[in-house]
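Please have the coordinates open while reading.

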Amino acid sequence: MFSAVTIQPTDLFAALAHETRLRCLILLMRHPELCVCELTHAIGAVQPHVSRHLAQLRELGVVTDRREGLWIFYRVSPVLPEWVAAVLRETFDAVCGERPFVEDDRVLARMPNRPGVPRCA
């Protein structure tokens with residue numbers, strides 16, 4: 001059983017203020033789980049950059065990860081404090097149809113070789 005994480009408001013809003021972290025979070029709000037390779041493909045950033053920002057979100061407690069073979073998958077933490085979950089829902093609802101977030105999802109939908117097939121792009 002997971003226990004709720006403690007997140008300071010200033011830390012959450014600092015995390016949301018960075019474009020890479022926000023774009024990753026919006027994609028993770030839309031999809032139950034994504035591999036690092038899917039996130040890098042969708043937002044057009046290199047893997048070390050995306051991984052560094054995902055690690056910051058993981059350390060904050062906003063996302064969790066799991067390893068499956070060569071891939072690391074991320075998801076929004078299921079044990080967020082209610083106020084954090086509400087901020088993320090409101091943020092998602094407000095921006096999910098805006099640029100660049102809608103394009104990120106379109107790019108992801110067209111990604112070849114997504115996890116679950118022999119190779120990840």
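## Basis of the description

The model is a predicted one, in which local features need pLDDT of at least 70 and side-chain atom pairs count only at pLDDT 80 or more, whereas totals for chains, interfaces and linings use all residues. Residues are numbered from 1 along each chain as its sequence is written, and side-chain values use heavy atoms, with hydrogens and water left out.

Helices (H or I, at least four residues) and strands (E, at least two) are DSSP runs, numbered from the N terminus. Axes are lines fitted to C-alpha atoms, for helices over the stretch in contact, and angles run from 0 to 180 degrees between N-to-C directions.

## Helix H2

Helix H2 covers residues 19-30, and its 12 residues should span 16 Å at 1.5 Å a residue, which agrees with the 17 Å between its end C-alpha atoms; the expected span is 1.5 Å times one less than the number of residues. Nine of the 12 residues of H2 are buried, so that the helix is mostly covered, where buried means under 20% relative accessible area, exposed over 50% and partly exposed in between (1.4 Å probe, protein chains only). Among the buried residues of H2 are Arg-21, Arg-23, Cys-24 and Leu-25.

## H4 and its two partners

H2 packs against H4 at an angle of about 75°, with the axes 9 Å apart. The two helices are therefore roughly perpendicular, given that angles under 35 degrees count as roughly parallel, over 145 as roughly antiparallel, 65 to 115 as roughly perpendicular and the rest as oblique. Contact means heavy atoms within 4.5 Å, and on this basis Thr-20, Arg-21, Cys-24, Leu-25 and Leu-28 in H2 meet His-49, Val-50, His-53, Leu-54, Gln-56 and Leu-57 in H4. The residues of this contact divide into six nonpolar, four polar and one charged, with Ala, Val, Leu, Ile, Met, Phe, Trp, Tyr, Cys and Pro counted as nonpolar, Asp, Glu, Lys and Arg as charged, and the others, Gly among them, as polar.

Helix H3 (residues 36-43) and helix H4 (residues 47-60) have axes that come within 9 Å and cross at roughly 115°, which makes H3 roughly perpendicular to H4. Val-36, Leu-39, Thr-40 and Ile-43 in H3 meet Gln-47, Val-50, Ser-51 and Leu-54 in H4. By class, this contact has five nonpolar, three polar and no charged residues.

Ala-15 lies in helix H1 (residues 9-16) and is buried, with a relative accessible area of 7%. Leaving aside residues up to four places away in sequence, Ala-15 touches Arg-21, Leu-22, Leu-57 and Leu-60. The C-alpha atoms of Ala-15 and Leu-25 are separated by 9.8 Å, and these residues are 10 residues apart along the chain.

Arg-67, in strand S2 (residues 63-68), counts as exposed at 59% relative accessibility. Arg-67 and Cys-35 are 32 residues apart in sequence and 9.3 Å apart in space, C-alpha to C-alpha.

## Backbone features

Most residues other than glycine have a negative phi, and most peptide bonds are trans. The peptide bond from Arg-99 to Pro-100 is cis, with omega near 5°, and Pro-100 lies in the loop between helix H5 (82-95) and helix H6 (101-109).

Asn-113 has a positive phi of about 55° although it is not a glycine. Asn-113 is placed in the segment after H6 and is partly exposed, with a relative accessible area of 45%.
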